[in-house]
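Hello,

Here is the structure I promised to pass on to you. Have a look at it first, and then read on for what turned up.

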Amino acid sequence: MVEPVTVVAFPGVQSLDVTGPWEVLAGANRYRTTRDEPPAYRLRLAGATAQVVSESGLALTVDALGEPVSGGTLVVPGGRSAAAEDEHDDLVAWLRQCRPTRLLSVCSGAFLCARAGLLRGHRVVTHWSLSRELGRRFTDLTVDHDALYVHDREVWTSGGVTAGIDLALAVVAADHGTRVAQEIARWLVMFLHRPGAQAQFSGPVWRERATERRVAAAQRAIDADPAAAHRVDDLAAQLAMSPRHFQRLFVRETGLTVGRYLTELRLETAKRLLVQSDLGLGAVAARAGFGSAESLRRVFGERLGTTPGEYRTRFSIN
């Protein structure tokens, strides 16, 4: 049975949010038709006007939105204007009436979907730079601030730009098997496929950088030596602050407690060491601050749904 897929577009849309998933789904059609099988998806690009100009200036010819989607797959891409509170009201009103069997949100498209009430009660992800804003503005959903993409029941959401391709590959794999998705990935000359739990960015570079000089100093100290203890009391004492005041400032400046920041940094450090070195698991755990290989395995299982060895095999650049 051919799955109807409606991809929406709007002025200022991120073109790769549209074309990335589109090419993946069209690739599934090519795979099947070359084997004398019916196409997998019936693709349709729709918008409020006959032509939509993306934020990069690429002009897209689209069908009219028409009747709200009922059944099938609905794909909502993002763009800088998608996160605005007062733009694309007509599209949001149309989305509010949609009842797709499956919803795919790419990047900041999550804001349009959230405004339309389509993400209520779901765990979702968006572009890392907008993640906390999404959580602040929409309290009826749960934001995963780290994942590349998230699948929660009928709702699939992804992080920024190229993550939409990973999301679409995961959808194809769910619909038609990993072999089909692998073949599409080969055509697109990309790796199949980054797991959804993989962080959108590696290392501490992407994390919120403190502007308050004392918190910034603590942040630099933690980044420089993730294996150190970095107890809140000790950090606060070094900065002549009370532990409570220091913790409050750290959360305000970075969005994370010291403990959570340190855990995230240690995980990213371990991931980097696994793919960029041939150190044993014990040495990786020690340098990253996890203490033992067993602790490292436990964190990888809980946070990434994989083992350090499997992660190294998948992503190693040696």
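Let me start with a charge and a ring: the charged end of R35 sits over the ring of Y31, at 3.7 Å from the ring's centre. Please keep in mind throughout that this is a predicted model.

Next come the aromatic rings. In general, a pair of such rings is described by two things, the distance of the centres and the angle of the planes. Searching the whole structure gives four aromatic pairs. One of them joins F250 and Y261, with 5.5 Å from centre to centre and 85 degrees between the planes, which makes the pair edge-to-face. F250 belongs to helix α9 (residues 243–254) and Y261 to helix α10 (residues 258–276), so this pair ties together parts that are eleven residues apart in sequence. F250 counts as buried because its relative accessibility is 0%, and Y261, at 1%, counts as buried too.

Another edge-to-face pair is made by F300 and Y311, where the centres are 5.7 Å apart and the planes are at 80 degrees. Here F300 lies in helix α12 (residues 293–304) and Y311 in helix α13 (residues 308–315), so again the pair ties together parts eleven residues apart in sequence. Both F300 and Y311 are buried. If you go back to F250 and Y261, you will find F246 as well: ring pairs link these three into a cluster.

Now for a helix to trace on screen. Helix α5 (residues 163–176) has 14 residues and spans 20 Å from its first C-alpha to its last, close to the expected 20 Å. How many of the residues of α5 are buried? Ten of the 14 are, so the helix is mostly covered. Among the buried ones are A163, I165, L167 and V172. The elements that cover them include α1 (15–33), β2 (41–47), β7 (102–106) and α6 (178–187). Just after α5 comes G177, with a positive phi of about 100 degrees.

That brings me to backbone angles. Most residues other than glycine have a negative phi. Which way does phi of H88 go, positive or negative? Phi of H88 is positive, near 60 degrees. H88 sits in the loop between β6 (73–76) and α2 (89–96), and it is buried, with a relative accessible area of 14%. H230 also has a positive phi, near 50 degrees. You will find H230 in the loop between α7 (213–224) and α8 (232–238); at 14% relative accessibility, H230 counts as buried.

Enjoy exploring!

Technical notes
Residues numbered from 1 in each chain as written. Predicted model: local features only at pLDDT ≥ 70, side-chain atom pairs only at ≥ 80, totals over all residues. Heavy atoms only, no water. Phe/Tyr/Trp six-rings, centres within 6.5 Å; stacked < 30°, edge-to-face > 60°. Helix = DSSP H or I, 4+ residues; strand = E, 2+ residues; numbered from the N terminus. Buried < 20%, exposed > 50% of the residue type's maximum accessible area, 1.4 Å probe, protein only. Lys NZ or Arg CZ within 6 Å of the ring centre and 35° of its normal. Expected span 1.5 Å × (residues − 1). Contact = heavy atoms within 4.5 Å.
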